[in-house]
Amino acid sequence: MTDMGSSMPLWACIPFAGMLLCIAIFPLVKAEWWEKNKPWVVLFWSAVFIIPFAVKYGAGEAVESLSEVMIGDYLTFIVLLFGLFCVTGNISLEGDLAGSPKTNVWMLFLGTMMSSWIGTTGASMLMIRPVIRANKWRARKTQIIVFFIFLVSNIGGCLTPVGDPPLLMGFTNGIGFFWSLKLIPLLIINTLILLIAFYIIDRHAYRMDLADGLYPEIKNTQKPVRLAGAHNILFLAAIVGAVILSGILPKVNNIFSKGPSILGTTLSIASIIEIVLILMAAFLSFRTTDGHIRRRNHFTWDAIKEVAILFIGIFITMIPALMILKSRGADLGLTKPWQYFWITGALSSFLDNTPTYLVFFITAASMGYSSGVSTLTGMIPTVTLMAISCGAVFMGANTYIGNAPNFMVRSIAEENGIKMPSFFGYMLWSFGCLIPVFMVDMLIFFI
C-alpha cells in the first residue's frame with residue numbers, strides 16, 4: 001500500500017469525529033432512536049469516509065484499506081471479545097456477597113490482579129456480574145462501575161502480553177514475554193491510589209444508601225461463595241493460550257505468518273488457528289454448561305452486539321487518522337519518555353491503542369539508540385518503552401471507546417439497571433480521577 005498518510009488532509013478525520021460525537025450525544029438527546037438506528041449511523045459515517053476516499057485514491061486502494069482493517073484487525077479483535085464474552089457468561093461467582101465498600105475494594109483488587117493473566121476483557125467479563133450482583137441492593141453504585149473500568153478493564157492489564165493487545169504487539173516484535181513485569185511498581189502505585197480514592201467515594205455513597213433505609217438482604221443461612229461453571233476456566237485458559245500461540249508461532253516458523261489473501265490482505269495461519277481455537281472454546285463452553293448459570297448471570301447478547309456494531313464504524317472511520325499518525329508520527333519531535341507517555345496515551349484514549357502503540361514503538365526503535373531493550377526494529381531505552389506501554393494500556397481508561405471492555409462493561413451495567421455517565425460525563429470522572437494519577441506516574445518514572 002502506498003504511503004497515503006503523508007498527503008492525507010486532516011479533514012479526512014471528520015467521519016471519525018462524527019462517529020465519536022454520535023456515540024457521545026445521541027444516547028443523551030435521542031436515546032430510543034439511537035438504540036434502533038445504531039447500524040445505520042455506523043453505515044452512514046463509514047460511507048462518508050469510504051466514498052470520498054475511493055474517489056481520491058481509487059477503488060482498489062479503498063478496498064485494500066478496508067480489508068486491511070476489517071480482516072487484519074477487526075476480525076481477530078471481535079472474535080476474541082466474542083469468545084471471552086461467551087465463556088465468562090457461563091461462569092458465575094455465587095454466594096452471599098453484600099456490596100460494602102470493603103467487599104467492593106477486594107473484588108476490584110481481585111479483578112485488577114487477574115487482568116494481566118486472562119486479559120482485561122476476560123477479567124472484566126468474569127468479574128462485572130458478581131460485582132453488579134453484590135451491589136444490586138444499593139441505589140448509588142455508578143462509582144463502582146466507573147472504577148471497575150479504570151482498574152479491571154485497563155490498568156490491571158499492564159504486566160503481560162496477554163493483558164492488553166498493545167503488549168502482545170510488543171511481544172510479537174521481539175520483546176520478552178515477562179519484560180512488562182518491570183511495570184509492577186506503576187501497577188502497585190496506581191492501584192493503591194485508585195482503590196483508596198474509590199473506598200472514600202464508595203463509603204460516602206454507602207452511608208447515604210443506609211441513611212435512606214437501604215440494606216442488603218440478610219438470610220438465616222448464608223450461601224458460601226462458590227464458582228458455578230468452574231470447568232469453563234479450562235476454556236478461558238484455551239482462549240488465552242490461543243492468543244499467546246498467535247504471537248509465538250510466527251517466531252517459530254515464518255510459514256505461520258503466511259496465509260490466504262483476502263482482498264489484498266493476508267490472513268495468517270497463526271491468526272486462523274487463533275480464531276478456530278477461540279470459537280471452539282466458545283462453542284464447547286455453551287454445550288457443556290447448564291443454562292441456569294447464564295440465566296443467573298442475566299446473560300444476553302446485547303453488549304457484544306453493541307460493541308460489534310459500533311466498533312465496525314470506529315475501526316473504519318479511524319483509518320485516515322491512523323494513516324496520518326503512521327506517516328507523520330516520527331515528525332512529532334519526541335525525545336523524552338514523558339512525551340511518549342502522554343502522546344501515546346492521549347491518542348490511545350480515542351484511537352485503537354494497538355496501532356497507536358506500534359507507531360510510537362517503531363518511532364522510538366528507529367531513533368538509533370545503542371542501549372536498552374532489543375526489538376526486531378532496533379533498540380529502545382527501557383524507560384521510553386515503559387512510557388509507551390503505560391500510555392497505551394493505562395489511558396485506554398480515559399474514554400468509553402479507549403478499550404473495548406469499557407463499552408462492554410458499561411452496556412452490561414445498563415442492562416442491569418445501573419445508570420452510567422454519558423460519554424462526556426465519564427470523561428469528567430476519568431479526568432478528575434485518572435489524570436492526577438498519571439501525573440504521579442510521570443513525575444516518578446518518566447521525567
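Predicted model: local features only at pLDDT ≥ 70, side-chain atom pairs only at ≥ 80, totals over all residues.

User: OK, which residue does Arg410 form a salt bridge with?
Analyst: Arg410 pairs with Glu306, and their closest N and O atoms are 3.1 Å apart. Because Arg410 lies in helix H16 (residues 404-415) and Glu306 in helix H11, the pair ties together parts that are 104 residues apart in sequence.

User: And is Glu306 buried or exposed?
Analyst: Glu306 is buried, with a relative accessible area of 10%, and Arg410 counts as buried too, at 8%. Both residues also belong to a network of salt bridges that links them with Glu35, Lys38 and Glu414.

User: How many salt bridges does the structure hold?
Analyst: There are nine, including one between Arg138 and Asp209, where the closest N and O atoms are 3.1 Å apart. Arg138 lies in the loop between H4 and helix H5 (142-151) and Asp209 in helix H7 (residues 184-211), so this pair joins parts that are 71 residues apart in sequence. Asp209 also meets the side chain of Arg140 in a salt bridge, at 2.7 Å from N to O.

User: Switching topic, which residues have the most contacts inside the largest nonpolar core?
Analyst: Those are Ile23, Phe150 and Phe311, in a core of 132 residues, and helix H4 (residues 101-134) supplies the largest share of it, with 13 residues.

User: What does Phe150 touch?
Analyst: Leaving out residues up to four places away in sequence, its contacts include Ile155, Tyr426, Trp429 and Leu434.

Key:
Residues numbered from 1 in each chain as written. Heavy atoms only, no water. Core = buried A, V, L, I, M, F, W, Y, C linked by side-chain atoms within 4.5 Å. Buried < 20%, exposed > 50% of the residue type's maximum accessible area, 1.4 Å probe, protein only. Helix = DSSP H or I, 4+ residues; strand = E, 2+ residues; numbered from the N terminus. Contact = heavy atoms within 4.5 Å. Salt bridge = Lys/Arg side-chain N within 4 Å of Asp/Glu carboxyl O.
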